[in-house]
Amino acid sequence: MKKKILGWLTNFLVVIGLVSTLLLGVLAVTSRQEMMHAIRTVILIKTQALQPVTTPNLITGAVKGMVASLEDPYSAFLEPAEYRNIEQHISGSYGGVGLLIGLDEEKRLIVVSPFKGTPAHRAGIQAGDIILRIDQQDTAGMDLEKAASLMQGKPGTKVNLSVGRKEEKEKREYTITREIIEIPTVEGKMLEDFPGVGYINLTTFNEHTGRDVGLLLDEMKQAGLKGVILDLRNNPGGYLGAAVQVADYFVASGPIVHIVGRFRSQQYKADGKALGLPLVVLINGGSASASEILAGAIKDSGAGVIVGEKTFGKGLVQTLFRMEAGAAVKLTTDKYLTPAKHDINKKGIEPDIVVPLEGEKASQILMNAPDPVKDPQLKRGIEILRTKIKP
């Protein structure tokens, strides 16, 4: 009995010490009342709560609460499994359904974009859909990391999603089988019916995207490339460095993006190796984050013409900080500005030429191979490009 009491007191003093250190060291200035709230809450949990809690779980809960106090949907404390999932996204391979998710202004779980060719995309889930339930769990108040971890899992297993769609009263039910999501970030070909026109579709940005775009452009130049259609529609973003690498192929000189944080600022500039060919970029509401960096660089520099619909408007940069035992903290550390120093967060990038593409038809068009007969945005892009291509 004495050992049990001694152990409890030891854990209690450790928690009190940690709470005190965190409050004094991190917050620097705090009131006596706030300090007493923290200390008394620890005492009440340890002595009065019906369900016991271990000291490690109590500390983890405190850390999650600190991050949650930022009220930033993109910042979170990541358990080891959640951190591994993010690393897999960056490397381009994970088990799941293929959705990029975010939170809308009402804190609802929204589909920013389905990754092209993935189970969620084939099932018909669209950018802008609201995910109401994942299996048996209501998503109200759920953070992004938990939602992502629930949808990811072993390939071959199933996940049930209840989805709401704008202007539809009835929710949609999907049962989706998880797969290894090895996203081919770069797809493209020369358009046979339009000599000299190369079509490149970027589905997301990972560590290999810049290299793969370069290889594809080399193939296209050998086939007589004279102008490029760069399709960023439903591209949810990804690795910042890849967006900068791709921009270097098209932006001749000057800044590509400005990164601005609390204590630093950084500017990425073009390396002077741009192709110098006519360029049209296709965007829509599913174009987010790194794809907006690329579109913004091309628009502000005048390197190409932007066609389609306004982008999603995510102008924030997250940084991963690895912690002990495989955990991590993901924090919004910076915002990015376009070369002309426009802040597009929650605003998006407006196209130079607006061409709408909406509804069920849009999802089917973007799912299939490029077809200017059925795709008015692509059709308009080709028309513009052909006026700029030299004979």
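Visitor: Where in the chain is the place of Asn234?

Guide: Asn234 sits in the loop between strand 12 and helix 8. Keep in mind that this is a predicted model.

Visitor: What is the phi of Asn234?

Guide: General idea first. Most residues other than glycine have a negative phi. Now the case here. Asn234 is not a glycine, yet its phi is positive, at about 60°.

Visitor: Is Asn234 buried or exposed?

Guide: Residues under 20% relative accessible area count as buried. Asn234 has 16%, so it is buried.

Visitor: Which value does phi take in Lys346?

Guide: Lys346 has a phi near 65°, again a positive value in a residue other than glycine. Look for Lys346 in the loop between strand 18 (328-337) and strand 19 (353-354).

Visitor: Does Lys346 count as buried or exposed?

Guide: The cut-off for exposed is over 50%. Lys346 has 72% relative accessibility and therefore counts as exposed.

Visitor: Let's turn to cavities. How many of 30 Å³ or more does the structure hold?

Guide: There are 2 cavities of 30 Å³ or more. The largest cavity has about 170 Å³ of space. It is lined by 19 residues, and those closest to its centre are Lys116, Asn201, Arg233, Asn234 and Leu366.

Visitor: Which element gives the most to the lining of the largest cavity?

Guide: That is strand 11, with 3 residues. Strand 11 (197-202) and helix 10 each give the lining at least two residues. Sorted by class, the lining of this cavity has 9 nonpolar, 5 polar and 5 charged residues.

Visitor: Arg233 was on that list. With which residue does the side chain of Arg233 meet in a salt bridge?

Guide: The general idea is simple. Side chains of opposite charge can pair when their charged atoms come close. In this structure, Arg233 meets Asp231, with N and O 2.8 Å apart. Arg233 is buried, at 7% relative accessible area. Asp231 is buried as well, at 2%.

Arg233 also has a salt bridge with Asp375, at 2.8 Å from N to O. Asp375 lies in the loop between helix 10 and helix 11 (376-388), while Arg233 lies in the loop between strand 12 (227-231) and helix 8 (240-247), so this pair ties together parts 142 residues apart in sequence. Asp375 is buried too, with a relative accessible area of 3%.

Visitor: Which residues do salt bridges that share partners join into one network?

Guide: Asp104, Glu106 and Arg108 are joined in this way.

Visitor: How many salt bridges does the count come to?

Guide: The count is 15. One of them pairs Arg165 with Asp129, whose closest N and O atoms are 2.7 Å apart. Arg165 is in the loop between strand 7 (158-164) and strand 8 (172-177), and Asp129 is in the loop between helix 5 (119-123) and strand 5 (130-134), so the pair ties together parts 36 residues apart in sequence. Both ends are out of the open: Arg165 counts as buried at 11% relative accessibility, and Asp129 counts as buried at 2%.

Visitor: Now a helix. How many residues has helix 2?

Guide: Helix 2 (residues 32-47) has 16 residues. From first C-alpha to last, helix 2 reaches 22 Å, close to the 22 Å expected at 1.5 Å a residue.

Visitor: Which residues of helix 2 are buried?

Guide: Start with the rule. An α-helix has 3.6 residues a turn, so residues three or four places apart point the same way. In helix 2, the buried residues include Met35, Ile39, Val42 and Lys46. These four cover an arc of only 55° around the axis, so they lie on the same side of helix 2. Gln33 and Arg40 are exposed on the other side.

Definitions and conventions. Residues numbered from 1 in each chain as written. Predicted model: local features only at pLDDT ≥ 70, side-chain atom pairs only at ≥ 80, totals over all residues. Heavy atoms only, no water. Expected span 1.5 Å × (residues − 1). Buried < 20%, exposed > 50% of the residue type's maximum accessible area, 1.4 Å probe, protein only. Arc of directions from axis to C-beta. Salt bridge = Lys/Arg side-chain N within 4 Å of Asp/Glu carboxyl O. 1 Å grid on protein atoms, 1.4 Å probe; cavity = no way out; pocket = protein on both sides within 12 Å on 5 of 7 lines; lining within 4 Å. Points joined across faces, edges and corners; volume = space filled by probe spheres on them. Nonpolar A, V, L, I, M, F, W, Y, C, P; charged D, E, K, R; others polar.
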